[in-house]
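Me: I would like to learn how to read a structure feature by feature. Please take me through this one.

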Amino acid sequence: MTLADYITSFEAHAPVIHRPFLIAEAGVNHEGSMDLAKRLVDEAAAGGANAIKFQTYKADKIAARESPAYWDLTKEPTTSQHDLFKKYDKFWKKEFEALKRYCDEVGIEFLSTPFDVESATFLNDLMGVYKISSSDLTNHPFIDFLCDFGKPILLSTGASDMDEVFGAVQRIEAKGNPLCLLHCILNYPTPEANANLGMILDLRNRFPGAVPGYSDHTVPGDMGVLEAAVLLGAPVLEKHFTHDKTLPGNDHYHAMDQHDLRHFIGRMDVLFERLGSFRRHALPAEAPARRNARRSLVLQRDVPAGQAITRADLTWKRPAFGISPQHIEDVLGKSAVSDLKTDDILYWDQLTRS
């Protein structure tokens, strides 16, 4: 199932917890190498991701030359946003077309976040969903432009107040685009104590028409943060992805790799095995308990043939071979067909029908 299908088919009143759709956010970790980009595609697919997402921009279109860094300079020493973007903005239309073809060959969905009108236009032919980054949540003219392609929108909410989220969502809803709203903390890396996963519930409650999700910037660890997001009802997950977490650079040290992906998929297998059904019903394995641990109506004194059963005649004991106590009102007033003894389990064929 594609991400567009996942978003448009999502049922707001379905069970809160869903097997997640996982997006490996490769961003620009290809560093301008098509061979490395294809390796990221291969490893994301091997790890079990549903989609791999890149970023499409040109430094001159995304940032002014006076654009200071806001990341950890001990991990990424570039002090200018423009300079950092310039290092990784070599891919453009023909490279992303080639990546789309390669993703199709490998069997993983291709996505890329556009950061300008030109990239958004040529990406329209390559993907079924548009991602709007947290940095563009207040960029209303760009939101309008993307919505006019008529495709589902994936909107990250990092560094936003609720009034800003409302403003963006209202514009998207006015255009009629299906929406997935991603909780996000725009902090690289995000300490787990700052993940604020409870905000997923706030977004679910305030925007019931949107598919909830989570874009994660914590250090992978045991992938428990993503598992917690799933349990809070975020069926769409996005996390930065790399082939080597030890590399320098802003998007490597807090990214997951294919081993983290496999570990997370394994955790999901265990989790959903434990969750089982979302509709209450008795299991076949519980049949012995239903028959032996539940109660039957039992006589607590002798009742001769022809005598009507009263409340004082009855108690309830294990096993559940006879008439269930839930039918006690139907038993009262009926007469014994034959003599009944104290501690007899009561059966329907021992009673008159009237």
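Reply: Start with V219, which is partly exposed at a relative accessible area of 41%. Buried means under 20% relative accessible area, exposed over 50%, and partly exposed in between, with a 1.4 Å probe and protein chains only. This is a predicted model: local features need pLDDT of at least 70, side-chain atom pairs count only at pLDDT 80 or more, and totals for chains, interfaces and linings use all residues. Residues are numbered from 1 along each chain as its sequence is written, and side-chain values use heavy atoms, with hydrogens and water left out.

Me: Where does V219 lie, and what does V219 touch?

Reply: V219 is in the loop between β7 (211-216) and α10 (224-231). Helices (H or I, at least four residues) and strands (E, at least two) are DSSP runs, numbered from the N terminus. Contact means heavy atoms within 4.5 Å. Not counting residues up to four places away in sequence, V219 touches P189, T190, E192, K239, Y253 and H254.

Me: Is H18 buried or exposed?

Reply: H18 counts as buried, at 17% relative accessibility. It sits in the loop between α1 (3-8) and β1 (21-27). Leaving aside neighbours within four places in sequence, H18 contacts Y6, F10, V230, P235 and F272.

Me: How do I read a helix such as α2?

Reply: An α-helix has 3.6 residues a turn, so residues three or four places apart point the same way. In α2, the buried residues are L36, A37, L40, V41, E43, A44 and G47. Their cover includes β1, β2 (51-56), α5 (93-106) and α11 (258-275). Next, check the span. The expected value is 1.5 Å times one less than the number of residues. Helix α2 (residues 34-47) has 14 residues and reaches 20 Å from its first C-alpha to its last, close to the 20 Å expected. After α2 comes G48, with a positive phi near 110 degrees.

Me: Which angle and distance describe the packing of α10 and α11?

Reply: Two packed helices are described by the angle between their axes and the distance between the axes. Axes are lines fitted to C-alpha atoms, for helices over the stretch in contact, and angles run from 0 to 180 degrees between N-to-C directions. For α10 and α11, the angle is about 35 degrees and the axes are 10 Å apart. The contact is made by G224, L226, E227, V230 and L231 of α10 with F264, R267, M268, L271 and F272 of α11.

Me: How many aromatic pairs are there?

Reply: Rings of Phe, Tyr and Trp (its six-membered ring) pair if their centres lie within 6.5 Å; planes under 30 degrees apart count as stacked, over 60 as edge-to-face and the rest as tilted. The count comes to 10 aromatic pairs. Take Y57 and F85: their ring centres are 4.9 Å apart and their planes at 65 degrees, so the pair is edge-to-face. Y57 lies in the loop between β2 and α3 (59-62) and F85 in helix α4 (residues 81-87), so the pair ties together parts 28 residues apart in sequence. Both Y57 and F85 are buried.

Me: What about the backbone?

Reply: Most residues other than glycine have a negative phi, and most peptide bonds are trans. N196 has a positive phi, near 50 degrees. A cis peptide bond joins Y188 and P189, with omega about -15 degrees. Another cis bond joins R318 and P319, with omega about 0 degrees.
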